[in-house]
Amino acid sequence: MSNNPSRVSVCLIAYNHRPFIAQAIEGALHQQTRFPYEIVIGDDSSTDGTDAVVADYARRYPGRIRVLPTPKRLGMQRNVVRALRECGGEYVAMLEGDDYWLSQEKLQRQADFLNAHPECSLCYHNVYILRGTCGSDERELFFQKPARDRLCLRDVVGGVPMPTCSEMIRRAVLEYPPELYESPGPDRFLTAMAAKKGQIAYIDAVLGVYRIHAGGIYASLDDFGKIQHEIRNSELLNQYLNFQYDREIKQAISLAHYRGARLYRVPGAGAKARHHLFKCLITFPHHPDIRWRALAGALAWHVSSRLHRTLSSA
């Protein structure tokens, strides 16, 4: 960990983000604050030249930017953990190398909020969604209507979406359980860690941009891959919390299976959709948003398809 007396550490995670990384770093560098802050960059042995861009910025801003050495690829989870462990600020602002911040007052505004609200362990805000690699005049809000002012752990385990680039968390609440190293998406664990120790607060302002592009780890998954990602995260989160919120997490898992079951009409998706249909039926308790008429339709489709194949081969 750094001995830098920074109030805030920007934890910037990068891997093959060459087209975007400069914009992410510039947004962090141009923050206007009344306190010192550092930018800790964990580049996970990028192969596209991201490391050269990062190294150039580190040479130009030696007192502000620290680049962590990475002699070999760590993987997303271990890269996130080692970057967080190197952050020395009281607060940690999360940022991924393909996202960026719009407001130069973002860090000051969030730090002021946490200073004024010691009962809160994490605060986040709204962002724009940018689809693709280029800018666009069409901007879509992540939250179409304001999110709830406060969230607790029970809310978080149910799968409340939260853009990573909007989060500022108290470093003191961070933990590094074994489940974190297995998680396909560590960001959900960060919000759960924060919610274990305090409230999660929403700031109703658009202060950043979340980019969705083909090179993104999550965006590159198909619908079934995203569903499996969510289910695995939920299972690991349940273990981390010692099954204290087993009911809420099982409901979230059943809803994920329900979404998979409804993909039965996608060409070539029959077997996977049938798997999710079965899992949805046997995962208790069921989520209240599940529509049983839709599940009955999916079941009827699978039965008729099987019957048709049987008769055709007779």
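Residues are numbered from 1 along each chain as its sequence is written, and side-chain values use heavy atoms, with hydrogens and water left out. As the model is predicted, local features need pLDDT of at least 70 and side-chain atom pairs count only at pLDDT 80 or more, while totals for chains, interfaces and linings use all residues.

Visitor: Which residues touch the most other members of the largest nonpolar core?

Guide: A nonpolar core is a set of buried Ala, Val, Leu, Ile, Met, Phe, Trp, Tyr and Cys residues joined through side-chain atoms within 4.5 Å; buried means under 20% relative accessible area with a 1.4 Å probe, protein chains only. The largest such core has 48 residues. Those touching the most other members are C11, L84, Y124 and I200.

Visitor: Which residue caps the N-terminal end of α8?

Guide: Helices are DSSP runs of H or I with at least four residues, numbered from the N terminus, and α8 covers residues 223-240. At its N-terminal end, a side-chain oxygen lies 3.2 Å from the backbone nitrogen of F224. That oxygen belongs to D222.

Visitor: How many bridges join β6 to β10?

Guide: Strands are DSSP runs of E with at least two residues, and two of them pair if DSSP finds at least two bridges between them. Strand β6 spans residues 120-131, of which 10 of 12 are buried. It runs parallel to β10 (residues 199-212), where Y210 is the bridge partner of I129. The number of bridges joining β6 to β10 is 11.

Notes:
Buried means under 20% relative accessible area, exposed over 50%, partly exposed in between (1.4 Å probe, protein chains only). The expected span of a helix is 1.5 Å times one less than its number of residues. A polar contact is a pair of N or O atoms within 3.5 Å; within protein, one must be able to donate a hydrogen and the other to accept it, and residues adjacent in sequence count only if both atoms are side-chain atoms.
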